[in-house]
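Biologist: I would like to learn how to read a model like this one. Could we go through it feature by feature?

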Amino acid sequence: MSILFGSRSSKTFKPKKNIPEGSHQYELLKHAEATLGSGNLRMAVMLPEGEDLNEWVAVNTVDFFNQINMLYGTITDFCTEESCPVMSAGPKYEYHWADGTNIKKPIKCSAPKYIDYLMTWVQDQLDDETLFPSKIGVPFPKNFMSVAKTILKRLFRVYAHIYHQHFDPVIQLQEEAHLNTSFKHFIFFVQEFNLIDRRELAPLQELIEKLTSKDR
């Protein structure tokens, strides 16, 4: 595994997950981008009329994966085995990795290793056509929502780590507005459909209240 981490400073961390052009999901993504462009994030996350909730959650989950991937990709030089020997979100929150299949018992590892495990795991879920069907008419599995909730819960941890441990470089890189908008969109989305337990959001609770209070 060490070779993989040696080449990690390439700017994007994982290849972008593309939604096939011409597909219904692509149309949904375009709809989401258009409403986001209006600047009203609360409206942008709402389920479009007549659309399937699973499909809407799937399209947005892929989009958040791509956004976080890109945001984390800008600060990988600052998130190293030395600077972040544990995966944390401030002094009170530390995350240990387990995926239930390859690593059943949670392991303590550095933040870059944890995020690599996490993003690889998410990518595998997104690429699994039985979980995230991209073809029209292929039904979503019965456990889709619980899988999506786990993905979003884990993606939140990357935001939490960036905010707590790497906010200074984000400011230096002038990525602050981009990070805040992405995170605010993410929070409105998970709140709208009740996708992440409140307890899981605790590391960024103050920030969430600050970002969302303006839009009540």
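Biologist: How far apart are the end C-alpha atoms of helix H4 (residues 53–75), and what span should its 23 residues give?

Modeller: Ground rules come before the answer. This is a predicted model, where local features need pLDDT of at least 70, side-chain atom pairs count only at pLDDT 80 or more, and totals for chains, interfaces and linings use all residues. Residues are numbered from 1 along each chain as its sequence is written, and side-chain values use heavy atoms, with hydrogens and water left out. Helices (H or I, at least four residues) and strands (E, at least two) are DSSP runs, numbered from the N terminus. The expected span of a helix is 1.5 Å times one less than its number of residues. For H4 that gives 33 Å, and the end C-alpha atoms are 33 Å apart, which agrees.

Biologist: How many residues of H4 are buried?

Modeller: Buried means under 20% relative accessible area, exposed over 50%, partly exposed in between (1.4 Å probe, protein chains only). In H4, 20 of the 23 residues are buried, so the rest of the structure largely encloses this helix.

Biologist: Which residues have the most contacts inside the largest nonpolar core?

Modeller: A nonpolar core is a set of buried Ala, Val, Leu, Ile, Met, Phe, Trp, Tyr and Cys residues joined through side-chain atoms within 4.5 Å. The largest has 64 residues, and Leu155, Phe156, Tyr159, Phe183, Phe186 and Leu204 have the most contacts inside it. Helices giving two or more residues include H4, helix H6 (144–165) and helix H8 (176–192). H6 gives the most, with 12 residues.

Biologist: How many aromatic pairs does the structure hold?

Modeller: Rings of Phe, Tyr and Trp (its six-membered ring) pair if their centres lie within 6.5 Å; planes under 30 degrees apart count as stacked, over 60 as edge-to-face and the rest as tilted. The structure holds 15 such pairs. Phenylalanine 64 and phenylalanine 186 form an edge-to-face one, 5.2 Å centre to centre with 80° between the planes. Phenylalanine 64 lies in H4 and phenylalanine 186 in H8, so the pair ties together parts 122 residues apart in sequence. Phenylalanine 64 is buried at 0% relative accessibility. Phenylalanine 186 is also buried, with a relative accessible area of 0%. Both belong to one aromatic cluster, with Tyr159 among the other members.

Biologist: Which residues does UniProt list for "binding site"?

Modeller: UniProt positions are given in the numbering used here, feature names are shortened, and annotations may be inferred rather than shown by experiment. The unreviewed UniProt entry lists Cys79, Cys84, His161 and His166. They spread over 88 residues of sequence, yet cluster in space, with a largest C-alpha distance of 9.9 Å.

Biologist: Where is histidine 166 found, and what does histidine 161 touch?

Modeller: Contact means heavy atoms within 4.5 Å. Leaving out residues up to four places away in sequence, histidine 161 touches Cys79, Cys84 and His166, among others. Histidine 161 lies in H6 and is buried, with a relative accessible area of 0%. Histidine 166 is found in the loop between H6 and helix H7 (167–172). Histidine 166 is buried too, at 3%.

Biologist: How many disulfides does a search of the whole structure find?

Modeller: A disulfide is a covalent bond between the sulfur atoms of two cysteines. The cut-off here is a pair of cysteine sulfur atoms within 2.5 Å. The search finds zero. For cysteine 84, the nearest cysteine sulfur, that of cysteine 79, is 4.0 Å away. The sulfur of cysteine 109 is 11 Å from the closest cysteine sulfur, in cysteine 79, too far for a bond.
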